[in-house]
Amino acid sequence: MRLTETADVWWKNAVIYCLDVETFFDTDGDGRGDLRGVCQRIDHLAELGVTCLWLMPFYPTPDRDDGYDIADFYGVDQRLGTHGDLVELITLARDRGIRVIADLVVNHTSDKHPWFQSARASRESPYRGWYVWRDEPPPDADKGIVFPGQETSLWQYDEEAGQYYLHRFRKFQPDLDIANREVREEIERVVGFWSELGLSGFRVDAVPFLIDTAGAEDAAALPDPHDYLRDLRAFLQRRHGDSILLGEVNLPYPDVRRFFGDEDGDELTMCFDFIGMQRLYLSLARNDPAELVKALRERPDPPEEAQWGTFVRNHDELTLDKLSEDERQEVFDAFGSEKEMQIYGRGLRRRLPPMLGNDQARLRMVYSLLFSLPGTPVLFYGEEIGMGENLAAEDRHAVRTPMQWTADPSGGFSTADPSRLPAPMVEGELGPENVNVAAQRRDPESLFNWMKLLIRRYRECPELSWGSCTILETGVQSVFAHRSDYEDGTIVAVHNFAAEAVRVSLAVAGSAIGLRAIDLLENNGTTDVGDDGALSLELRPYGCRWLRIVHPGDRYLV
């Protein structure tokens with residue numbers, strides 16, 4: 001039996017959709033989205049074609065970092081619902097062929113967590129060793145700060161404890177000591193608990209920080225930190241063999257490859273492709289795909305049953321930290337020249353539509369890329385309808401605005417007074433009166449229906465997720481083309497990064513007679529392939545084409 005005929009590796013061709021419960025849909029009128037709201041809108045995800053729902057943190061929290069400051073790893077924030085509501089959501093999703101994963105944020109806790117409250121109260125506390133303490137901060141305490149301008153040191157003095165504690169992130173998020181065996185065992189219990197409630201895996205937050213033991217006094221004597229990832233993966237696989245660990249690892253490619261583990265893939269199941277994302281934006285800024293091509297050629301192959309997670313936008317800032325200063329400035333100049341659009345000096349707090357001037361052809365080309373490039377596509381809520389940002393919101397909240405369901409002033413998100421919403425609504429051209437689910441569902445030419453088509457074709461074409469990728473020469477600087485081959489099937493995808501129409505000739509096969517190219521995105525039109533294996537195509541400004549190469553007598557779905 002081929003791997004494609006089993007459900008064991010469902011992540012290889014999944015469509016992952018990330019949402020924040022708090023900003024998705026409010027059912028009780030308190031201004032805050034809730035788990036019951038996600039339940040009521042689960043058919044929207046099913047209609048879109050989503051196969052995996054990723055929930056941002058729903059745990060009890062003081063909410064100083066949008067839920068990433070967790071005060072109870074086993075709880076559900078009462079403002080969002082109950083454990084029963086979560087189980088109901090998982091059940092409803094499963095009935096529609098959608099798996100549910102959740103954020104695993106165990107690099108740190110909230111400083112309000114009972115573990116930290118106990119740890120700071122006494123050096124004899126059983127939780128004292130669960131955090132990293134020092135009498136004096138090290139000389140390099142200001143190196144590697146994640147939030148420049150908000151923090152000045154990685155170490156914070158605690159009056160009650162009489163010592164400094166390590167915090168890779170904000171000072172109200174003290175780091176757990178992963179070198180402590182009891183901490184590692186507790187994390188396994190957390191993973192086991194939520195797995196038993198029905199989660200199909202976890203998106204693991206800040207993985208390099210999670211396994212970094214540099215803050216420990218005896219770090220040099222500790223085992224390889226990657227051993228812990230292997231142990232965690234093995235634990236999860238013993239409990240539920242088809243569960244995944246999707247890792248946030250924003251490092252250069254050779255370093256990221258280590259986080260997949262050995263050739264059998266015994267650490268993270270998937271890693272986000274941050275390098276490819278950043279190179280994509282540089283290519284968009286230049287109207288030239290060369291930087292994206294460079295990233296694809298440099299990207300190491302994951303183990304056979306692992307996968308890269310590809311994305312255009314995620315829930316944080318659009319980080320450009322792996323670009324050079326000059327390259328980053330190019331992207332800033334093209335897509336976020338105003339200081340209020342930038343964040344931490346390394347990224348943008350914008351969504352794609354306003355960055356591209358809401359150019360629908362260009363938007364469609366970018367999402368065509370997302371679903372045709374090798375990897376598992378990950379969407380952030382609202383991308384399917386082309387939501388924008390609200391720069392009046394603080395920090396990363398600019399892109400975490402309420403979901404726009406209808407043309408109502410609050411986008412059909414909530415009946416509460418707008419002042420009670422978790423973030424201000426998007427305004428202007430991309431506000432709910434112009435961009436919403438209800439209107440786009442009825443419009444066959446909408447971005448929503450384009451995304452549905454892309455997802456349907458992606459799911460119908462195992463070549464895209466399982467196949468080997470070959471970059472094709474186009475002879476045109478603005479055109480990117482690649483072919484994906486799997487077993488006897490071949491898909492060719494072609495994308496024009498320029499605002500001018502072009503004609504290209506591609507060598508898509510060796511010498512062969514009777515080959516045809518079936519257009520998968522435009523009414524299944526047919527183009528003959530020359531006897532020399534060359535295919536001639538016209539591309540509109542920012543045009544994109546997906547073509548299945550068909551031999552005489554082949555049977556095909558689309």
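**Cysteines and nonpolar cores**

The count of disulfides comes to 0 in this predicted model. Cys52 takes part in no disulfide, and the nearest cysteine sulfur, that of Cys18, is 10 Å away. Cys52 counts as buried, at 0% relative accessibility. Cys469 is likewise in no disulfide; for this residue the nearest cysteine sulfur belongs to Cys461, 14 Å away. Cys469 is partly exposed, its relative accessible area being 32%.

The largest nonpolar core comprises 151 residues, and those with the most contacts inside it are Tyr17, Leu19, Leu53, Tyr281 and Phe371. Helix H15, spanning residues 447–460, gives the most to this core, contributing 8 residues. Another core, of 18 residues, lies apart from it and includes Val479, Leu515, Ala517 and Leu547. Beyond its neighbours within four places in sequence, Leu19 is in contact with Phe24, Val38, Leu45, Leu53, Trp54, Leu55, Met56 and Tyr381.

Leu379 belongs to strand E14, which covers residues 376–380. With a relative accessible area of 1%, Leu379 is buried, because residues under 20% are classed in this way. When neighbours within four places in sequence are set aside, the residues in contact with Leu379 are Ile16, Tyr17, Cys18, Leu48, Tyr367, Leu370, Phe371, Met451 and Ile455. His83, 296 residues from Leu379 along the chain, has its C-alpha atom separated by 25 Å from that of Leu379.

Key. Residues are numbered from 1 along each chain as its sequence is written. This is a predicted model: local features need pLDDT of at least 70, side-chain atom pairs count only at pLDDT 80 or more; totals for chains, interfaces and linings use all residues. Side-chain values use heavy atoms; hydrogens and water are left out. Helices (H or I, at least four residues) and strands (E, at least two) are DSSP runs, numbered from the N terminus. Buried means under 20% relative accessible area, exposed over 50%, partly exposed in between (1.4 Å probe, protein chains only). Contact means heavy atoms within 4.5 Å. A nonpolar core is a set of buried Ala, Val, Leu, Ile, Met, Phe, Trp, Tyr and Cys residues joined through side-chain atoms within 4.5 Å. A disulfide is a pair of cysteine sulfur atoms within 2.5 Å.
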